[in-house]
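The following exercises are to be worked through with the sequence and the coordinates at hand. Each task is followed by a solution in steps.

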Amino acid sequence: MSMPLYLTDLLARADLNLSVTGDPAPGLLDRTIEAATVSDLLHPGEWLQGGELLMTIGLLLPMEPADCRAYVADVAAGGAAALALGLGHGLPYQAAPQPLVDAAQEAGLPLLTVPDEVPFIAVTKAVFEARAHEERQVLQRAFATQRRLTAAATDNGLRPMLAEWTAATGVGAAVLDPLGRLLASGGPDAEPLLDDARDLIDRVASRGLRGSAASTAGGRQLEVQPLGARRLRGLLLLSGGPDASARAVVPGLISLLSLELERRHLMDEPERRRRSALLAELLAEPEAGQERAAGRARDILASVGLAADRVRGVVVEAPRETAQEAAADLALAVPGGLVRVTEGGGLVEAVVGEELDVRDVLGRFAPGCPAGLGPLAAPEAVRTSLRQATGLLGLSRAAGEPVEARESQASRLLLELGDRRTLLGYADTVLGPLDLADSGEELISTLAAWLESGGSWDTTSRRLGVHRHTVRNRLDKAMALTGRRLDDADDRFDLWLATRIRRGGRV
C-alpha cells in the first residue's frame, strides 16, 4: 500500500516544531500533503493545483475579519490542504492574529504556525523528501510485483499471472475472450463481475485495440483493457481501484497477458487447420450412391461441438492479406470453429448454429467486409446455404452491410439498387390490367394491403374499414383481370413486388 504524507506527519516532526491554531474539526489534520509552496499574494488560489501546504508571512494581508475570510476562502477554493503562517522577529506577526484564526476555523481550513527558528525551506524540503520516499516505495513495490508476474508467466498460463497480480495488489482480475467469455480469473468471484461489466466489456471489444474504458458498478471500480499485439485476442477486466504502485504495473500485466494469448493463438493453428479440413469434408459432394448423407453431416458437426438441428452458411469477403487472420478470429467466435479460407484466398466460409448472433460477430471481427448469410438449413443442406450466402456478396458490397438470404431483405435491395425505369416497367406489366379497370386504384390498394398482412382477410378488412367479403370480391376481380392466382407462389411474389414498386420502393 502507498504511504502518503499526512498533515499529522509534519506536525509530529520535532525538527519542524509546527503548531496548530484553534480547535480543528476531527479529520482535518488527516489531510494528505502533495506539495509545499510559499506565496504572499492576496489571491493565491488560482496558482494552486490542490493538496498544497501554503506558507505565508501575511505581509500584505489586512487583519480585518472580512479580509481574512475572503483570503481563506480563496486559499480553500484553490484546493490547499492547509495554511501555515510564519512567525518571528522582523516578520509582521509573532503570533497568529485572531481574525485569521477565526476565518480558518470557520472555513474548515487547518491553520499552522511556523516558529522563527524554522525557515520555510526546511518545511518545503521535509515535504519533498517525504514525497520522494513515497515514490521510491511505489517503484520498489511495482518492480517486485512485475518480477512476480514475470515469474508466473513462465508457467505458461493465464491463471498463475492473475493469481499473483491479485495477491500482490488486492485488485481482482479476469481475462475474457473477444466475445466477453471468461477464460481465467485471479479469484473465485469473477462470474458475478461479468454481468456488472457487460456494457463496459462490449464497448471496449467493439473498438478492438484502440482504447480502454472504466466505470463504477455495484460500488466497485471496473476497468477493461484490450489484449493482443496486432489484433484483439482478449480483454482484461480489473475490479477495484489500483493504487499508485499497482497502476504502474498495469502496462506490464497487459503485455504479459497479451503475449500469452498470442502464444495460445499460434498453438491453436493445427486445430484450426483440422477444422478447416472438416469443413471441406462437410461441403464435399457425396459420392454416387452414398447413403446416410444426413448422418455423415451431423457426425462431422457434432465432432466439433456443433449439435444444432439447423445451421447456416456464412461467407465473408476479406482482403487476401488478412483473410487467414479474419478466419482465425471467426473460428474463435463461432462455437465449434468450423471456418476455412477458400483456395482462392479471398473468401472466408463458416458454418454456424442458428443460436449465434452472426451480425454481432461480423460487426466485431469483420467490420466493413462484405458478407452473405445463407438461410438456416439442415446440416446435410449446408452446401446450399453457403452457395446462397456467396451469391449475396455483390448485394452486400452495394449495401455496405451483411445481407441475409431472406425474401424481404433481398427484395428491399432489389428495389433500392435496381434501375427505376426498369422496375416501373415491371410494375406496369403486372398491374396494367388493374390500371385500366373501373376502381383500379381501389383494387390495387386492397391487393397491397392483403399481401402486406400475409394474406389475412380479417386484418385487411380492419385496415381498409370494409367487410371481409368486400375484400374477397375485390381480390377475385383483380385476379380475373390480371390472370394471376393468389395461391401461386410466383404470382403472389410478382404482385407483391409490383405493389411495392408503385409505392416508391418502401419495404
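Helices are DSSP runs of H or I with at least four residues, strands are DSSP runs of E with at least two, and both are numbered from the N terminus. The model treated here is predicted.

**Exercise 1. The enclosed cavity**

Task: Determine which element gives the most residues to the lining of the largest cavity, and describe that lining by class.

Solution. 
Step 1. The volume of the largest cavity is about 60 Å³.
Step 2. Its lining consists of Val314, Leu330, Val334, Ala350, Val352, Leu356, Val358, Val361 and Leu362. Two or more of the lining residues come from each of β13 (347–353) and α12.
Step 3. With 3 residues, α12 gives the most to this lining.
Step 4. Sorted by class, the lining holds 9 nonpolar residues, with no polar and no charged ones.

**Exercise 2. The largest pocket**

Task: State the volume of the largest pocket, then identify the residues nearest its centre and the classes found in its lining.

Solution. 
Step 1. The largest pocket contains about 390 Å³ of space.
Step 2. There are 18 lining residues, and Arg264, His265, Asp268, Arg272 and Leu332 are those nearest the centre of the pocket. The elements that supply two or more residues to the lining are α8 (244–267), α9 (269–283) and α11 (323–333).
Step 3. The largest share, 4 residues, is that of α11.
Step 4. The class count for the pocket is 6 nonpolar, 3 polar and 9 charged residues. For the largest cavity, the corresponding count is 9 nonpolar, no polar and no charged residues.

**Exercise 3. Overall dimensions and burial**

Task: How does the radius of gyration of the protein chain stand against that of a compact globule of 507 residues?

Solution. 
Step 1. A compact globule of 507 residues would have a radius of gyration near 23 Å, whereas the value for the protein chain is 37 Å.
Step 2. The extent of the C-alpha trace along its principal axes is about 115 × 60 × 35 Å.
Step 3. Two residue pairs illustrate separations within the chain. Val304 and Gly58 lie 246 residues apart along the chain, with 80 Å between their C-alpha atoms. Pro367 and Leu28 are 339 residues apart in sequence, and their C-alpha atoms are 55 Å apart.
Step 4. The chain comprises 20 helices and 15 strands, and 46% of its 507 residues count as buried.

**Exercise 4. Loop residues**

Task: Are Pro367 and Val304 buried or exposed? Where do Asn17 and Ser439, two residues with positive phi, lie?

Solution. 
Step 1. Pro367 occupies the loop between α12 (358–365) and β14 (371–373). Its relative accessible area is 55%, so Pro367 is exposed, the cut-off being over 50%.
Step 2. Val304 sits in the loop between α10 (293–303) and β11 (311–317). Because its relative accessible area of 7% is under 20%, Val304 is buried.
Step 3. Asn17 is in the loop between α1 (7–12) and β1 (19–20), and its phi is near 55°, a positive value in a residue other than glycine. Asn17 counts as partly exposed, at 41% relative accessibility.
Step 4. Ser439 is in the loop between α16 (420–435) and α17 (440–452). Its phi, near 60°, is likewise positive in a residue other than glycine. Ser439 is partly exposed, with a relative accessible area of 46%.

**Exercise 5. Cysteines and disulfides**

Task: How many disulfides does a search of the whole structure find, and are Cys68 and Cys369 buried or exposed?

Solution. 
Step 1. A disulfide is a covalent bond between the sulfur atoms of two cysteines. The search of the whole structure returns 0 disulfides.
Step 2. Cys68 has a relative accessible area of 0% and is therefore buried.
Step 3. The relative accessible area of Cys369 is 18%; this value is under 20%, so Cys369 is also buried.

**Exercise 6. Confidence of the prediction**

Solution. 
Step 1. For the protein chain, the mean pLDDT is 84, and 93% of the residues reach 70 or more.
Step 2. Where pLDDT is low, the predicted coordinates should not be read in detail.

Notes. Residues numbered from 1 in each chain as written. Predicted model: local features only at pLDDT ≥ 70, side-chain atom pairs only at ≥ 80, totals over all residues. Heavy atoms only, no water. Buried < 20%, exposed > 50% of the residue type's maximum accessible area, 1.4 Å probe, protein only. Disulfide = S-S within 2.5 Å. 1 Å grid on protein atoms, 1.4 Å probe; cavity = no way out; pocket = protein on both sides within 12 Å on 5 of 7 lines; lining within 4 Å. Points joined across faces, edges and corners; volume = space filled by probe spheres on them. Nonpolar A, V, L, I, M, F, W, Y, C, P; charged D, E, K, R; others polar. pLDDT = per-residue confidence, 0-100. Rg over C-alpha atoms; globule rule 2.2 N^0.38 Å.
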